[in-house]
Amino acid sequence: MPLSVAHPGLVHLRGAGVSLVIQFSEPMPRVLHWGADLGDLTTQETESLLVSSAPSATHNSTDEPRYFSVLPTEADAWSGTPGFEGRIRQTGAPYFRFELDDVTVGEHSTSFDLSDRAAGCTVKLHYALDPDTGVLAASAVVRRHADATDVLDVHHLTLMLPVPDRAVEVVDFTGKWSRERSPQRTPIGFGTHLRESRRGRSSLDSPYLMMAGTQRFGFRSGEVWAAHVGWSGNQRYLVEQLPEGAGAHRSTLGGGELLLPGEISLSAGETYTAPTVYFSWSERGMDGIADRFHEWLRRRPTHPRAPRPLVLNTWEAVYFDHDLATLLRLTDAAGDIGVERVVLDDGWFLGRRDDGTGLGDWFVDAEVWPEGLTPFVERIRSHGMDFGLWFEPEMVNLTSRLAIEHPDWVLAPPAPGPSIRNQHVLNLAHPDAWQFIFDRIDALVAEYRIDYIKWDHNRELHEASRQDAEGRAGVHAQTQALYRMLDALRAKHPALEIESCASGGGRIDLGILERTDRVWASDCNDPEERQQIQRWTGQLLPPELVGTHVGAAESHTTKRVTSLSFRLITALFGHAGIELDLSAHDARELSEIRAWARLYKEQRALLHSGRVVRADLADEESMFHGVVAEDRREALFAWVRLGTSVPIQSGRIALPGLDPETTYRIELREEIGAPVLHEVAPAWFTAAREGSLVMRGALLARLGLPMPTLQPQQAMLLRLSAI
Ligand code: DGJ
């Protein structure tokens, strides 16, 4: 394993094919390289690298060459987005001159202690390059000197790395309710491509992962540099290109927390810890980036290791209509299907008959549940299933008892602004509010032995004015208080699993995932939309962290009607579940769903540990994706048709990610419905059905298989195993 080395004047972190080179020059360290592994540099090569990394001094510019420092500011004549902005409140002085005080070099990490003595503060920058995955975690802590007598208002701290001029395009994400993580691709022009989330959560339109890459970089090809901000509150991402470049590079890539005015003010001894920004590089396209993040997430000690239980969520089956007899029938049907966890969604607490009331009053509603949740929970347990319960702890309806008794707990001005879904935000940074909510959840978890919480968050934060702090902006404090609560609940109930949901997939980031076990990708269960949402959610998260449920034939969000097999195949590639009224299905459909439950249990070890592969296809109406086992001895692929397109033949589709030297048996798995074809089935279907289709990985990668053109909104499954 390559070791990080500190030559005199330079630190070279290496891991999993990635290098980060930082020169600890005076006054500020400079980033010379982030990307492909440069190998073990000799002293002479190091010296050459230092010399050759010097940009030219240009006309009408600084007399000395401009480098790109680890925390660029105007002090190094940096005219782009500064790494740090703030001001000393008493004097109004907005300029900072950091100098390198100390460098620490570990085996795979390095820290730089920077200080500005005049401003009375230090910044500790830390870079850790994971040796197994090449994911680089960059973090920063700002600290006021113990003897500082004034106040430092921090405006932002943005962590950036330079990327070379061959990175010419950027892909990031946007979206809306039921259409999260829609990619957008733009050329990197001059100026700043800045994406901000001011919604108090990472959001439905989160940039999610900003990827700069070579021209037309795809899933399987191109060189890509990516950044993700591990934070669940306001945030910003940027790619920036100045005419003068960034040192010897062309552009910069990075991000950080978006701080609202006055959110961070540091007096003597106080600190601000900026969110970790994760950087990843790949020369194998976006799949290479996904691979590194998936592997990095899987290596966390907190990563879920037990088989991911098949879920039934009650939301789309009953909505707010909580009737015990109906729910017991649903539970029995779920048990019969092979479900392993039932989640009671919104509607169980005081006065919650619709989405206009109840939030904040986390007591089981005796009117609807006269015997409490016990009869329901007991029935779930009698089938050997887990029990999950929905909460939306950070929210409040102004008509709730809680809001009436504690109007000052609302995170809003005394006359709150517009409601969203009839609700407002509860100020979790208020110690009493925090304690009340914590105690309620804690008591219910203990009483019903809750295994799983679906933790929802259904509105953006606007005017997050803290009534307990003279109206100061409270998004940062709210995010921290949320983290504290999740941490405290997990510490007290170590077996408890928590799902991050926010109007669907509105809070998916590596900050929330430090304290939760899966995310709800979207409220849209329409498989046509879901194929896209899951494909792109998978750019950061492995399938086992992404909730994927089978919805009704007529989608509740799009009204599109799709076949059961298309819905089942789509929901297979994640942490699978059911989000429908099983009583509305006939015996044939129920037996297909049962077969799917069996298939999920059979395949989940592969699906939840293998590498995600996505083919680059010319036809945008087709998708080919799958999961290949780490040892490449098995794989499960889906061939998907979204709409119609002009080509009659789909042509030979290369199967990505296989071992070229391994020979595979290729089977069609049709127990959850044979695909409806637009044409006559190709000859190899017969062999694949009989189990006699055998091909070497190299041929499957080079020649591929002539895939049939499916009818729109159809999918089929191919299972490969080494022979
Ligand atoms: C929004 C979530 O995304 C849904 O799945 C459901 O839990 C509702 N909230 C309940 O109000």
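Reply: Helix α11 covers residues 587-607, 21 residues in total. At 1.5 Å a residue it should span 30 Å, and its end C-alpha atoms are 28 Å apart, so the two agree. The expected span is 1.5 Å times one less than the number of residues. Helices here are DSSP runs of H or I, at least four residues, and strands are E runs of at least two, numbered from the N terminus.

This is a predicted model: local features need pLDDT of at least 70, side-chain atom pairs count only at pLDDT 80 or more, and totals for chains, interfaces and linings use all residues. Residues are numbered from 1 along each chain as its sequence is written, and side-chain values use heavy atoms, with hydrogens and water left out.

α11 has a kink of about 35 degrees, centred on K601. That bend is the angle between axes fitted to the seven residues ending there and the seven starting there. D586 caps the N-terminal end of α11. Its side-chain oxygen lies 3.2 Å from the backbone nitrogen of R588. A polar contact is a pair of N or O atoms within 3.5 Å; within protein, one must be able to donate a hydrogen and the other to accept it, and residues adjacent in sequence count only if both atoms are side-chain atoms.

Now the wider chain. The domain assignment, automatic or from a database, gives domain 1 (10-299), domain 2 (357-370 + 392-518) and domain 3 (613-722). The C-alpha centres of domain 2 and domain 3 lie 45 Å apart.

Last, the ligand. A polar side-chain atom of D345 lies 2.7 Å from a ligand oxygen. A side-chain N or O atom of K454 is also 2.7 Å from an oxygen atom of the ligand.
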